[in-house]
Amino acid sequence: AMAELNSLNLSTPYSVHNMSREEFFQALDDSEFGHYYFTDLPTNLRKDLKDARLMFASDEDYKLRRHFLWLSSAGMVTHTHFDQDYNFFVQLSGHKTFTLWPAEDHHLMYAYSRLHPMWHKSQVDPAAIDADRYPLFKRARPYVACLSPGDMLYIPPYVWHHVVSETRSISVSTYSHDNLVRQHMNAIYKHDHKFDLLAKTRGKMFVLRMFLDIMIHNLYGKGETRLFFNRLLNTRLRGFEKAFPVRRHHARLCRSKRGAAHMPTAQHVYGYASFDAKIVTKHFLQLPSVVRDILFLDYVEEISAQVVGIEDTYAFFRYCFHADVEYYVTNAADSEHDLWEHAVEMDSNPEDMM
């Protein structure tokens, strides 16, 4: 979504070329420019893999046979990132150095926003750390693995890794899905939030604010909402403040007629938020705590951009969660009560479904 922001620099430090097999293998020894190639393992090479079933987490993954081939020249670097799959990485030729950080250190890794095209990558360059911009990174715990021909490295889901090809290198990786996480996240993203039935974006925004308040209370405890968004702004969105446009209305985005410390709601609207939070919380609580933390951050960013729009997302996080709030109930005589008008008629009351 952030790719829609004209102010975001999306330039890359590499270029893509089409070349023949012969040209590529000659280029691997090029001392001036590094070359990297990543592809599905060709069918004619799959027969050379013995006992491949042992490398997959399930029969379903074995049927998919997600083997990938990596070819690289010396000096090539893979950006620090995490994957959401189980990965058995086998070094066939040459040498690679892996630096890995446990998933538990995700809050220290300064992941790009889920809305950014590089969303599962770290903003930090381990070879040139900017300690002033990324002060928490020094607390992350790196582990180093040096792979030689014949070595295999297991990389669990959400474990951060940075890879350097020390020499010309050939590797094969085998991926398996984390099916439990996939099932719960599919259910979460397929859930139809009741606040989407409201006609006005501002009404949806107020209900979203309350929904996220309830969600964070359910997952992390009462009074954690402001701290949650403060961490989000100072890690994932750190340094990207100027990428989002500044609008005159942003500072009063969530200001109600009673001020910024009070948010309007209605009885049926609270029912919407509570019902949605009950369903979504149930799935997040089935995930391992570290995975839950990472994917809940993703979810918060995505659902917020969907409701308020990408240009207002940063302002929504900054101005709508900068302080603890109190909720007040509107009635038909209030000017704000029309915030809760429906775009379509409801078939049933969400409170009847609880």
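## Starting points

Axes here are lines fitted to C-alpha atoms, for helices over the stretch in contact, and angles run from 0 to 180 degrees between N-to-C directions. Helices (H or I, at least four residues) and strands (E, at least two) are DSSP runs, numbered from the N terminus.

This is a predicted model, in which local features need pLDDT of at least 70 and side-chain atom pairs count only at pLDDT 80 or more, while totals for chains, interfaces and linings use all residues. Residues are numbered from 1 along each chain as its sequence is written, and side-chain values use heavy atoms, leaving out hydrogens and water.

Two packed helices are described by the angle between their axes and the distance between the axes.

Which residues make the contact (heavy atoms within 4.5 Å)? On H6 they are Phe229, Leu232 and Leu233, and on H9 they are Tyr314, Phe317 and Arg318. By class, this contact of H6 with H9 has five nonpolar, no polar and one charged residues. For these classes, Ala, Val, Leu, Ile, Met, Phe, Trp, Tyr, Cys and Pro count as nonpolar, Asp, Glu, Lys and Arg as charged, and the others, Gly among them, as polar.

## Helix H6 and helix H8

H6 also meets helix H8 (residues 289–308): the two axes come within 12 Å and cross at roughly 85 degrees. H6 and H8 are therefore roughly perpendicular to each other. From H6, Phe228, Phe229 and Leu232 meet Phe296, Leu297, Val300 and Glu301 of H8. The residues of this contact of H6 with H8 divide into six nonpolar, no polar and one charged.

Strands of a sheet pair through backbone hydrogen bonds, either parallel or antiparallel. Here, two strands pair if DSSP finds at least two bridges between them.

Strand E4 (residues 85–93) pairs with E7 in the antiparallel sense over four bridges. What is the bridge partner of asparagine 87 in E7? The partner is isoleucine 155.

## The four-stranded sheet

Another open sheet is formed by four strands in the order E3-E8-E5-E6, and the pairing is antiparallel. E3 and strand E6 (143–147) stand at the edges with a single partner strand each, so one side of each is left without a neighbour in the sheet. The twist averages 15 degrees from one strand to the next.

Strand E5 (residues 96–101) and E6 pair in the antiparallel sense over five bridges. Phenylalanine 98 stands opposite alanine 145 in E6.

Note on methods
Contact means heavy atoms within 4.5 Å. Angles under 35 degrees count as roughly parallel, over 145 as roughly antiparallel, 65 to 115 as roughly perpendicular and the rest as oblique.
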